[in-house]
Amino acid sequence: AELKIGLQDDADVLDPAQSRTFVGRIVYTAMCDKLVDVTPDLKIVPQLATAWNWSGDGKVLTMKLREGVKFHDETPLNAEAVVATIERNMTLPESRRKSELASVEKVEAAAPYEVKFTLKSPDVTLLAQLSDRAGMIVSPKAAKELGANFGSHPVCAGPFKFVERVQQDRIVLEKFGDYWNKDHIFIDKVTYLPIPDTTVRLANLRSGDLDMIERLAATDAASVKEDASLTYADVVNIGYMALYANIANGPRADNPFGKDKRLRQAFSLAIDRDALNQIVYEGTAVGGNQPFPPNSPWFSKDIPVPARDLDKAKALVKEAGFDRVPVEMQIPNNPVAAQMMQIVQSMVAEAGFDVSLKSTEFATLLSEQTAGNYQLSRSDWSGRVDPDGNIHQFITCKGGINDTKYCNPEVDKLLNEARASTDDAVRKQKYDAAAVILNDDMPIIYLGHQSWIWALHKNITGFIPSPDGMIRLAGVKKAG
Amino acid sequence: MYTYIAKRLLVAIPTLLIISVFVFSLQKLLPGDPILAMAGEERDPEVIEYLREKYRLNDPVPYQYVSWLGSVLKGDLGISLRTNQPVLELVAEKLPVTIQLAIMSMIFAFVIGVPMGILAAVKKNTVFDYLANLIALSGLSIPNFWLGIMLILLVSVKLGWLPASGYEPFFSNPLRSIETMLMPSFVLGNALAATLMRHTRSAMLSVLSADYIRTARAKGLSERSVVLEHSFRNAVLPIVTLSALLFGELLAGAVLTEQIFTIPGFGKLIVDAVFNRDYAVVQGVVLCTAIGFILMNLLADIVYVLLNPRIRAAL
Amino acid sequence: MAGVKTPVLSVKELTTSFLVDGEWKPVVRNVSFDVMSGETVALVGESGSGKSVTSLSIMRLLAKNQSRIEGKISLNGKDVLSLSGKEMRQVRGHDAAMIFQEPMTSLNPIFSIGRQISEALTCHGDMPKPDARKETIRLLEKVRIPNAASRFEEFPHQFSGGMRQRVMIAMALASKPKLLIADEPTTALDVTIQGQILDLIKLLQEEEGMSVLFITHDMGVVAEVSDRTIVMYRGEAVEDGTTGDIFHHGKHPYTRALLAAVPRLGSMAGQKWPLRFPVVDTATGTRSEPVAVADTVDRRKTPILEVKNLTTRFPVRGGLFGAKTGAIHAVENISFDLFQGETLSLVGESGCGKSTTGRSITRLIEPDAGKVSLDGYDVTALDSSSLRRMRRSIQMVFQDPFASLNPRMTVGAAVAEPIVEHHLGTRADARDKAAHLLERVGLKADMMTRYPHEFSGGQRQRICIARALALDPKVIVADESVSALDVSIKAQVCNLLMDLQQSLNLAFLFISHDMAVVERVSHRVAVMYLGEIVEIGPRDAVFGNPQHPYTKKLLAAVPVPDPDRRGIKRELSADELKSPVRPLDYVVPKRSYREIGAGHLVQLEPAA
Amino acid sequence: MTALDQITIATEQRPPSRAWRKLKANKGALVGLGIIAFFTILAIAAPLLPIPDPNATSWSAIRKAPSAAHWLGTDDIGRDILSRMIWGAQASLMAGVFSVAIALVIGVPFGLISGYFGGWTDQIISRITEAFLAMPFLITAIALAAFLGPSLTNAMIAIGLSAMPVFVRLTRGQVLAVKTEEYVEGARSIGLRHLSIITRYILPNVFAPILVQATLTIATAIIAEASLSFLGLGQQPPAPSWGSMLNVAKNFLSQAPWMAMWPGAAIFLVVIGFNLLGDGLRDALDPREA
Ligand SMILES: Nc1ncnc2c1ncn2[C@@H]1O[C@H](COP(=O)(O)OP(=O)(O)OP(=O)(O)O)[C@@H](O)[C@H]1O
Ligand SMILES: Nc1ncnc2c1ncn2[C@@H]1O[C@H](COP(=O)(O)OP(=O)(O)OP(=O)(O)O)[C@@H](O)[C@H]1O
Ligand SMILES: [Mg+2]
Ligand SMILES: [Mg+2]
């Protein structure tokens, strides 16, 4: 059976070491198996590694590998191959995986089917990193032959192997006959087609040109649910939607909104997150005030998502010594973001904020945000399995993508400690403590969490929505 | 004739140089850091620095231009920053798509625009003329993205007649290929038909009042022969020039339509590349479309010359 | 042309109207006439009198929804106005054929000559293609196109104007029509070529025995070709009679005005100075006898304009880099001078370099060599600002009064403009002077706010003259200034020029190919041929005693407005114009001149 | 005075009034003028009209079909579409008119210079124009709009600059034709300065076709603003323009078809209006047309 999947974008280079797009990861899910995988409830489970354990000081991770696994080019997967891949990820000049593996000191083959990671300092998030691109093992033979050009013909150990790619048109994979778990694969061929326009994507599904689409527009949810020939699936994602306030990033930070946390608190209080969810996302999203969605185990129940409180917001504005506060907000130029921010604009206006919107295409928005040339910037994060990935690099003083340039040693301390502990209870406590401080300083105003929404034809069964937004094809069947 | 072509090609060289400057300055003109755009969500500083070096972004601008031009002249358009694919390969991959789309659109434009223009001219100031103008103008005033979506919803989803999008290479399955391109080329052709119709109409009007048409009538020729032979064959000259211009524009101008129908042609390639700041692709492809545009104009001039005995003899 | 007296064409009470601004405006009213078989009838009248509309009505070639034809037209026994479109197409070509005024634009530029003629044979479905081809070649030979067979595939632009007109005639003759309508077939042509075409039509008519309706406003042509003449005036046929009658006993004042204004070559014999034209009032028919022109030339002074060895060439380019491959020797080594109060005429056939001479003298074109002194200054050496100042002394009046005024500028502004531009006065001064000048040329000062299109051709030409006078020039170059005008208006404008010469002591360089007018207005005449002056001298000497063969040929070609001389033919030569294009290595032969009489020089034939 | 001179050849009307009279006689042009006047008046009078604030959102009236309260319905965040249509007219008409004005102001002088002087000046201007023409319109516009930063003004500048080369070409071609007219030579022969000749002789006589092209380009520019809006580079939210409304509406074609219908119809009408007017102007300004 052939499966055609409509994606929102075209993937970038198909090399797990170099890739950076979300849709790229969707393709890898079918093509490249990882050392470990994630379940829909975000538990880490074996994939290419069958078992693992941490040393007592949390500085050594040993993994047992599955035996009898072959890459698509029929070379066997063993500890050597894993070491080669991880080293490649750490040393290839073009590699985008360096920061993910920054804590790794060295990686060695302890036995033919056992690898040992030695860390510079304790880092429990490594396991989560290995559940994604950093942990995708590629054929050492192909990697050596193609080098940085591996993406032109990727060779991994996943259920499907690469057939062809036409940029902006399609990526075609076919079933790999020697896949270790081939009994669970019921699809013979997968084609991914990038169709950016949501209306058109749905139209293609309806007309039968596609079997399945990702990121259905929330506004189309109702009509898909009504459609007897289609199946609807959604799940709240692990990322977030947020507004970054320029706290200390360059001269433009020097404004009341960046300086006075009361204004940011007032701003947040003036937003009716439920209304946003209803109007823009037809109830498919959830409101939020933390880097994790309310259904996440890491969400701090002590700080519930605030209801709109205009009086309090007005009072805070007054307290800060203002009547009206001018704020410039840069937003990405896609229609949904524009719709949402226009609503926010009119909501906060009632509390005394005169927001002017600056709609900017994404590349510009990103560089303005990095350069600190903004007051308030809408920025979303696709989310990581480990909570650290949703917070550490954004909030810590030296965080790689800390564009607000918020810096609080106390928060840094808490987040670093959370990273080092292998005990989830300890970690949770640290994150809760940080959440309290962040909710007060509010460098980032969290707005909520979107859902991943899929629509499929009725004859496609066995698809399990996953909060990481991936499309896992094991178990998926196509009838007729 | 050959000297004429050679001369025209020589004149194209300065034009291409200017285009190369335009195209290159796009990179400097556009805000947004290309490296940032491709560093990924994590934006690893080490990677960023490496890429900056690799793509020579730390060199002085004139130096960058000269070295870029140098490799372009050697036939090397660089590689896509986003997918590492050589730009030349990308161009070769998209060119057939773009050309097929352009040709089919032109066919639509001609089939709709030219007969309507002729009739409107012959029946000037009658109901037919007004109607033809109205239809043409509606083609001109309906944005492509809108018409495209409407067509998909109607033809593909409601009626299920044609595939909603996608592309099939012509030589792998010609019928299916034409089928997939039918709607997008209609959308594009429809807009062009308006321009074509209006130009055909005015060219026909001026020819119809020419002395030699009166001569043709005085000979006792049938109206059909007067209109289609004597008039249209003369009126077609400006239309040829215009179509080359339109065709040239189609090479890169079908952005929105390609986007709606997800046709992997030049337009979509360029726009995506602009938004991703994939400059090697932007520069390479725009340069290619510009060359295409110039070649199309040259072709039009040659056809013009061939159709016009007066200039033909002068060469 | 004795024949059976049955009318081939009979027009009864023809009224043709056009839809103008939603109203039917008749432009031809109640016109009736017959054309007998084998007869040639001339339709004459001033421009706009409805001649063309009448002929187009007969052929039903007017735009259907914008014109209305009433009355009765029977052509070869058929009631033209009641025929269906299809039947009418059969009539066109078979019963009547037509040739038009503009040979340059009346042929389809993208079809070969052969195709266009054979089409006339095949379109009625009565001749197969190969036969048509043979017949076409026969026709081309008949109209004396040299090498007819080999020119079958050639295109109109490869033919000269005269040859194109012959092609038109061949096309018209193709299906042996009973009636040939010729609408000003020679107006756009040179005298020499005009002569050839007229002879050709006469000859063919004899051979084929067809009737001809000949439309023209040239009375010389009328006298030469027609048996009978119909005079049209403002949409009506005011007079109809044999050509002799019309010429000798014309009754309608307009007919008389028309005839009075016709210059007759040779009528100036014995006249010392230029002579004004007599003017007949078209309303009353009273004729005012011309007042003699006083002697205005003073040859003792130095000439106001001296031209020495003037040469102007246009490069002919070709090849890859547009390198020069040759040159058009438009003006080649010419010398003459012009005195105050004198008119020097420059004559010669089309393309011989007359205009280029005029434009080189005023430096509208940069001459390649030679010296031009105007009022003592060396014109060829001036920088651009002195050049603008020099232009005050020498002004031009162009051929086409329609084209030589900016259509979007009032005539007042047009006349006042040079004064303001040269800072010769304030705007108010300029306006006053413009008003004065307009009155000077016989217009009213209150016309200053009108736009050029609101004037008649003659009035427009006067405006151009007024503008030329605005800067008080000493010399006026009049380049075909009266050629485009109707006879009667031509006379008026010529009279005006002579008046101005007398009162302002102007010098004219009068460029024209109309020999009869030239004879009337000039003191001296220079004949140009292929860029060179072949004969120059006092008017009576050149006209009375032409020496150079080309001068003789030119004079012989002029139609004589005397019906009694009809039937006399010139020798028919079908030779084409020689080209002034020369290769790069062309060596200009040395020319020498022989003095025949006082100031009468003739170029000697090169010894070859 | 002779008798012939007394024939009054034409009416006493001046060309402007004559053109106006001819325009008035042209039904199509009048309809076009009417449409444009209607939208222009709406656009100008927007602040005075008793309509809701175009940016006022209402969460209880999201995507409501046309009704007595909202004549044309409401949009995706509960704004009154009628009011947004009226305010949007301002942006869209301005996008059309100003971009064309920019194209004219820059393109026409270059075309005049290029055509009139010829030679090297012409070569340089022609080559640059050609290069501009060879650059895809939307790419130039996107690049310029992105460079200048997204805003309606910048979109207008971008569209104007991208449309400019066409005017250079057109003007140049016209000048080449007019330059050989006898009256231009006449102007030279009375010793006029180049500037006077260009402004008084050439420009007025090449303007008619340029004007016609301009009205056509206004239509294209309105659509181009819609396209730039589609790419997020036109009018900035929440301010309305027809293009941006259409752009948002396309995501709700099945849920709220009226969102697309009104701006679509308005663009269609205005484009037709400008084209009818353009046709009428061409006829009215052409002295050969009766
Ligand atoms: N299509 C038309 N619509 C309106 N008026 C017309 C049309 N054609 C000719 N006329 C008018 O009819 C009158 C007669 O024109 P016609 O062409 O018959 O003159 P003509 O005698 O042939 O003059 P010429 O010697 O200049 O050729 C003129 O006043 C002209 O303006
Ligand atoms: N600007 C030009 N460029 C090239 N050739 C030209 C130019 N002007 C005139 N010629 C050529 O120079 C020759 C003389 O032309 P000119 O106009 O002086 O003739 P003319 O005697 O005035 O003819 P006509 O009676 O037709 O006005 C012709 O062969 C013409 O083709
Ligand atoms: Mg006529
Ligand atoms: Mg001349």
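A salt bridge here is a side-chain nitrogen of Lys or Arg within 4 Å of a carboxyl oxygen of Asp or Glu. With that in hand, welcome to a predicted model that holds 70 salt bridges over all chains. Here are a few of them, along with a residue of chain A that is worth a look.

- Salt bridges link K34(A), D37(A), D468(A) and R472(A) into a network.
- R472(A) also turns up among the contacts of T29(A), together with P159(A), M470(A) and I471(A), leaving aside residues up to four places away in sequence.
- You will find T29(A) in helix α1 (residues 22-31) of chain A.
- T29(A) counts as buried because its relative accessibility is 13%, and the cut-off for buried is under 20%.

**A pair within chain B**
- D129(B) and R201(B) form a salt bridge, and their closest N and O atoms are 2.9 Å apart.
- Since D129(B) sits in helix α6 (residues 127-141) and R201(B) in helix α8 (residues 174-208) of chain B, the pair ties together parts 72 residues apart in sequence.
- Both partners count as buried: D129(B) has 1% relative accessibility, and R201(B) has 9%.

- R115(C) forms a salt bridge with E229(B), with 2.5 Å between the closest N and O atoms.
- This pair joins two chains, because R115(C) belongs to helix α3 (residues 113-122) of chain C and E229(B) to helix α10 (residues 223-253) of chain B.
- R115(C) is partly exposed at 27% relative accessible area, and E229(B) is partly exposed at 27%.

Key
Residues are numbered from 1 along each chain as its sequence is written. Chains are lettered from A and ligands numbered from 1 in the order in which they are written. This is a predicted model: local features need pLDDT of at least 70, side-chain atom pairs count only at pLDDT 80 or more; totals for chains, interfaces and linings use all residues. Side-chain values use heavy atoms; hydrogens and water are left out. Helices (H or I, at least four residues) and strands (E, at least two) are DSSP runs, numbered from the N terminus. Buried means under 20% relative accessible area, exposed over 50%, partly exposed in between (1.4 Å probe, protein chains only). Contact means heavy atoms within 4.5 Å.
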